[in-house]
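Thanks for opening this one with me. Here are my notes, point by point, for you to follow alongside the coordinates.

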Amino acid sequence: MYSIEFVNPLVLTSMTPLIGTTILLFIEESNEFRCRWVALWFSCLTFFFSLFLWLQFDANTPFFQFVSTFVWFPSLNFYYIIGTDGISLFFILLTTFLIIVCILISWSSVKHNIKDYLICFLLLEFFLIQVFSVLDILLFYIYFESVLIPMFLIIGIWGSRQRKIRAAYQFFLYTLIGSLLMLLGILIIYFQVGSTDFHILWYSRFSEVKQLVLWLAFFASFAIKIPMIPFHIWLPEAHAEAPTAGSVILAGILLKMGGYGFLRFSLPMFPWASIYFSPLIFTLSVIAVIYASLTTLRQVDLKKIIAYSSVSHMGFVTIGIFSLNLQGLEGGIFLMLSHGLVSSALFFCVGILYDRYKTRIIKYYTGLVQVMPLYGIFFLFFTFANIGFPGTSSFIGEILVLLGVFQINTTLTFFSSLGMILGAAYSIWLFNRISFGSIKLNYLLIYQDISRREFFILIPIAVLVLWMGVYPSSFLGDIHSSLYNLLEFIF
């Protein structure tokens, strides 16, 4: 009845966080030390297994690898199939890496309900890995929505300010309502094709009218998740109220689910509709790049500044994806991976300040480079990475996106490139306001540079950002074949 390989590294990567969650359930709530170490070891073990996916990955084949199948509902033709290709591989790696970062960030900052908090993150890791590995559209929807539950709890229970309940409900309702339209689209597809298996759906053909309707149904869900303007309202509020680790995983992984959905579903299943609606995507994306960058300059909350910069960067991503050529698609994926690292590091830098001084209002921080030199170095590095400075990962992603867009529309390229200029403006303005000037001793009396734990969290992220910026072919080589295969489905 089933065919599943337990030595398959994808199966091990998928199941390890679930095993860790089960063990945590049997540990006493009062034993916080053991809870933290169990969660950390299982997250590290998951990351270790996910590295084998990369080491054993065959970059020369566009097909899914590490595939395992389990019969779910044979009478309805539903199969639980997992596998990975070049598009999903690095999203799984990014997920397993950032969960370790989140647990280490929360090591001393979370003071209550530690066990429940860690269970939420391990469950979140399991759901996210399934999102990027299941090869069935209905299962994708189930896990796509399941991610909302632990994230809702993380924001609502362990959030840092008074409006955390409102932010949690706003995040939950926005994303849930959009995804209901996707569920209706999945039902339409199932009743026409008789299956929800990716492999079958990719070779199925829908009429032009049906493609338009289905594309819009999926767009409603993915656009809210990215988020695209005008569906972005929930994001700054959720970031402002979430704990530091919540902001890291939200910016690092959850925003990428929308871009991944466009790549996995909208482009190969509805190619005609994707081409038809590409002007709409370009218009909304350019507005996002310019509007979000200008709005960033008006913010006074450090987290909201980085949240709006995320909206701008994800506008770049959607422009690259819907340029529908190899350079644009590679740039979109590369920029998503880069943004997952850089924005996570910036949110952590803000969290370091909030843990010490209990405020994120920018006017209270000046001259920090004089008393927190190590912090200043890291914050400068990730600020320049956020700009897309040559030698960092964002530079490669933005250049590839612009190269892809230039092949289809030079005017669009010009307006897209304004985002790089405005990004430099708000990023340098932010660093200047925090790092230079005279210290305001009437607000903050005691200063403390980053701790050893914080240093060893930031160093691997910085190394990865430099690695991706200096030697991008080590990542693009594994992505190339799958994207080339995707373009064949479209054209």
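1. A word on the ground rules. This is a predicted model, in which local features need pLDDT of at least 70 and side-chain atom pairs count only at pLDDT 80 or more, while totals for chains, interfaces and linings use all residues. Residues are numbered from 1 along each chain as its sequence is written, and side-chain values use heavy atoms, with hydrogens and water left out.

2. The largest pocket. On a 1 Å grid over the protein atoms alone, a pocket is an open set of points with protein on both sides within 12 Å along at least five of seven lines, whereas a cavity is a set where a 1.4 Å probe fits but cannot get out; lining residues have an atom within 4 Å of a point. Grid points are joined across faces, edges and corners, and a volume is the space filled by probe spheres set on the points.

3. Two or more lining residues come from each of helix 6 (148-158), helix 11 (244-254) and helix 16 (326-357). Helix 16 gives the most, with 4 residues. Helices (H or I, at least four residues) and strands (E, at least two) are DSSP runs, numbered from the N terminus. By class, the lining has 10 nonpolar, 7 polar and 6 charged residues; Ala, Val, Leu, Ile, Met, Phe, Trp, Tyr, Cys and Pro count as nonpolar, Asp, Glu, Lys and Arg as charged, and the others, Gly among them, as polar.

4. The cavities. A search of the whole structure finds 5 cavities of 30 Å³ or more. The largest cavity has a volume of about 70 Å³, and its lining includes Ile 305, Leu 346, Thr 383 and Tyr 426. Helix 15, helix 18 (373-387) and helix 20 (410-435) are the elements that give two or more residues to this lining. It has 5 nonpolar, 4 polar and no charged residues.

5. The second largest cavity. Here there is about 50 Å³ of space. Helix 15, helix 18 and helix 20 each supply at least two lining residues, and helix 20 gives the most, with 5. Among the residues that line this cavity are His 313, Asn 386, Glu 398 and Tyr 426. The lining divides into 5 nonpolar, 5 polar and 1 charged.

6. Salt bridges. The structure holds 7 salt bridges, each a side-chain nitrogen of Lys or Arg within 4 Å of a carboxyl oxygen of Asp or Glu. One of them joins Arg 264 and Asp 85 (2.8 Å, N to O). This pair links distant parts of the chain, 179 residues apart: Arg 264 is in helix 12 (residues 256-269), and Asp 85 is in the loop between strand 3 (78-84) and helix 3 (86-105). Both Arg 264 and Asp 85 are buried, where buried means under 20% relative accessible area, exposed over 50%, and partly exposed in between (1.4 Å probe, protein chains only).

7. Two further pairs. Glu 237 and Arg 163 meet at 3.3 Å, N to O, with Glu 237 in helix 10 (residues 234-241) and Arg 163 in the loop between helix 6 and helix 7 (164-193). Glu 237 is buried at 9% relative accessible area, whereas Arg 163 is partly exposed at 41%. The side chains of Arg 360 and Asp 301 also form a salt bridge (3.4 Å, N to O), and both Arg 360 and Asp 301 are buried. Salt bridges that share partners join Arg 163, Arg 166, Glu 237 and Lys 304 into one network.

8. Out on the surface. Leu 55, in helix 2 (residues 32-55), is exposed, with a relative accessible area of 68%. Lys 358 lies in the loop between helix 16 and helix 17, and Lys 358 counts as exposed at 56% relative accessibility. Lys 358 and Phe 90 are 268 residues apart in sequence and 35 Å apart in space, C-alpha to C-alpha.
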